[in-house]
Amino acid sequence: MKLFPENFWWGSATSAPQSEGASLQDGKSPSIWDHWFKTEPNRFHNNVGCADASTFYDNWKDDIALMKQLGHNSFRTSISWSRLIPNGTGEVNPKAIDFYNNVINELIAHEIEPFINLFHFDMPMCMQDKGGWESREVVEAYAVYAKTCFELFGDRVKHWFTFNEPIVPVEGGYLYDFHYPNIVDFKRAATVAHNTLIAHSKAVIAYRELKFDGKIGIILNLTPSYPRSQNPADLKASEIADWFFNRSFLDPVTKGQYPTGLVELLTEHKQLPETVEGDSTILKQGIVDLLGVNFYAPRRAQAPKYARHADAIFMPELFFDDYVMPNRKMNPHRGWEIYEKGIYDIAKIIQNEYDNIEWFIAENGMGVEGEEKFNIDGQIQDDYRIEFVKDHLTWLHKAIEEGANCRGYHLWTFIDCWSWANSYKNRYGWIALDLKTQKRTIKKSGEWIAQVSKYNGFE
Ligand code: BG6
């Protein structure tokens, strides 16, 4: 039997925009997702937006009962800024307060610890109109929003997160064109990243000033960077990819400063973000109590095959090429490599290079396109997901035995949910969602995890 530490967090994660639905109901204002879908529905898989998502706004009570059936002792979702404070600043929406109070209280009544995140890619459109994360006015508005959440719910919520995967809106919105506002400009992306970190720090400062007895953290998507070979050029390429995609956020939130190598590289190429005097002091105050780690797939890098043209747009890929390792293990339903040991390698990096800070797996999971084909007699027989989770947990267990300070494992996700431009393409849940009827049915993996949680481990 592989047993996990006492009080290990078993649960799952979702976010407000991906689960709630009611996206323009009860006073909620549009987020960038509502706006982008309205203006360019063709950018979304099968032209499906998040208006209904998985109807958690209406079904929260029954859904929380289902979580209990899955053996959850913890659950992460987010608060929608555009629902709580529809104008971005100012008046707080009483219906939103009721909704989040209901959810939090119901979770606690079921002995499910609420883990609450403040921002999951969902900038209110009125704040994007002011410049989004490029604007310091928006950073200040976010700090007030965060403080409002702590004051409203901090008496009961003991685990807070300022952001989920803050690098993704940077990549999607300002580098690679898969999120609104679809800008491609590294220097602006760097400013967005920096301002996000300032916003994070301001929320941490606000939380500490209120002196609640909980913890505050951030959730980062960490993708260990593996070089193709030990050739120094491959090693350098992999190290640079690691600076850009992991340490750019990991270092500031754990050490209070950016990695020196990254700063030197951006200085050399005149790509440093815009900053304001006093920022480095603010950054130092954003060191977290708890780190959430999302892990799906590794990043493999090799030295660039071809020299870049002198006028090439500045992009992280100037310094490395992605490396497709022959015979890698794939999730053919999603197109991502599966590398279970990655979870162990992350644990080792945190243990050896980040003071063994308290952390947990905040997302891990297996997206499957066309999962309906695995439906037998009304239930999704997702043995592949059981195997995926088991293999990752096996490596996590080994890391914990070797001293990793990992406190829990949350799957992405609870019920199949809407996923940004991919809409409902990839299914990840412990529970299947019938899009036509909104009927929820526990998958085989959901029954399995209930046992794992019950026995706090597996054979
Ligand atoms: C994670 C995000 O990166 O990936 C989630 O935090 C997202 O919000 C999940 O839904 C799955 O993404 P995809 O693209 O496979 O649907």
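Biologist: Why does Cys50 count as buried?

Modeller: The model is a predicted one, in which local features need pLDDT of at least 70, side-chain atom pairs count only at pLDDT 80 or more, and totals for chains, interfaces and linings use all residues. Residues are numbered from 1 along each chain as its sequence is written, and side-chain values use heavy atoms, with hydrogens and water left out. A residue is called buried under 20% relative accessible area, exposed over 50%, and partly exposed in between (1.4 Å probe, protein chains only). Cys50 has 6% relative accessibility, so Cys50 counts as buried.

Biologist: Which residues does Cys50 touch?

Modeller: Contact means heavy atoms within 4.5 Å. Leaving aside residues up to four places away in sequence, Cys50 touches Pro17, Gly21, Ser23, Trp33, Asp34 and Trp418.

Biologist: Where is Cys50 found?

Modeller: Cys50 is in the loop between α2 (32–39) and α3 (56–69). Such elements are DSSP runs, numbered from the N terminus: helices are H or I with at least four residues, and strands are E with at least two. The protein chain has 15 helices and 21 strands.

Biologist: What makes the protein chain as compact as a globular protein of that length?

Modeller: The radius of gyration is taken over C-alpha atoms, and the globule rule is 2.2 Å times the number of residues to the power 0.38. For 459 residues the rule gives 23 Å, and the radius of gyration of the protein chain is 21 Å, which is close to that value; the chain is therefore as compact as a globular protein of that length. Buried residues make up 61% of the 459 residues.

Biologist: What is meant by the largest nonpolar core, and how many residues has it?

Modeller: A nonpolar core is a set of buried Ala, Val, Leu, Ile, Met, Phe, Trp, Tyr and Cys residues joined through side-chain atoms within 4.5 Å. The largest has 137 residues, and those with the most contacts inside it are Trp81, Trp133, Tyr142 and Trp160. Helix α9 (residues 186–210) supplies the largest share of this core, 13 residues. Another core, of seven residues, lies apart from it and includes Trp9, Phe115, Ile219 and Phe360.

Biologist: How do you know that helix α8 is mostly covered?

Modeller: In helix α8 (residues 167–174), eight of its eight residues are buried. Among them are Ile167, Glu171 and Tyr174. The cover over the buried residues of α8 includes α6 (125–128), α9, β6 (215–221) and α10 (232–255).

Biologist: Is Asn327 buried or exposed, and what is particular about its phi?

Modeller: Asn327 has a relative accessible area of 80%, so Asn327 is exposed. Its phi is near 60°, a positive value in a residue other than glycine. Asn327 is found in the loop between β10 (321–322) and β11 (330–331).

Biologist: Is Ser423 buried or exposed?

Modeller: The relative accessible area of Ser423 is 1%, so Ser423 is buried. Phi of Ser423 is near 50°, again positive in a residue other than glycine. Ser423 lies in the loop between β17 and β18.

Biologist: Which residues does a cis peptide bond join, with omega about 15°?

Modeller: That bond joins Trp412 and Thr413. Thr413 is in the loop between β17 (406–412) and β18 (426–427).
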